[in-house]
Amino acid sequence: MKHLLIYIQETAIDSEQTPIAPDEVAIVANLTIQRLVLQYPFLDQTIQEILDDLRFSKC
C-alpha cells in the first residue's frame, strides 16, 4: 500500500497537467483500488493464490 501511495503522490496529474494535492493522494488510492477490484475478473483466485504463497511458500 505504501508503494501505491508513493507512486500516486509522485506521478499523478490531471488532464491539465496539475500534480495531485497531498490531501487527494489517499482518496485517489482508495478509488483506484475500488475500480481495479470491480474490473478484475479473477480477483478471488488471485487473492487465494497470494494467500497460499504467503502461508505455504518456503521463500
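**View A. A nonpolar surface patch made of Met1, Ile33 and Val37.** To join a patch, a residue needs over 30% relative accessible area and no salt bridge, and nonpolar side chains (Val, Leu, Ile, Met, Phe, Trp, Tyr) are linked within 5 Å. A salt bridge here is a side-chain nitrogen of Lys or Arg within 4 Å of a carboxyl oxygen of Asp or Glu. The model is predicted, so local features need pLDDT of at least 70, side-chain atom pairs need 80 or more, and totals for chains, interfaces and linings use all residues. Numbering starts from 1 along each chain as its sequence is written, and side-chain values use heavy atoms, without hydrogens or water.

**View B. Valine 37 in helix 2.** This helix covers residues 25-39. Valine 37 counts as partly exposed because its relative accessibility is 37%; buried would be under 20% and exposed over 50%, with a 1.4 Å probe and protein chains only.

**View C. Three helices and zero strands in the chain.** Going from the N terminus, the order is α-α-α. Helices (H or I, at least four residues) and strands (E, at least two) are DSSP runs.

**View D. The chain in its box.** The C-alpha atoms fill roughly 45 × 25 × 15 Å along the principal axes. Of the 59 residues, 7% count as buried.

How values were computed
Patch = residues over 30% accessible without salt bridge, like charges linked within 9 Å, V, L, I, M, F, W, Y side chains within 5 Å. Areas by Shrake-Rupley, 256 points an atom, 1.4 Å probe, with all protein chains shown as cover.
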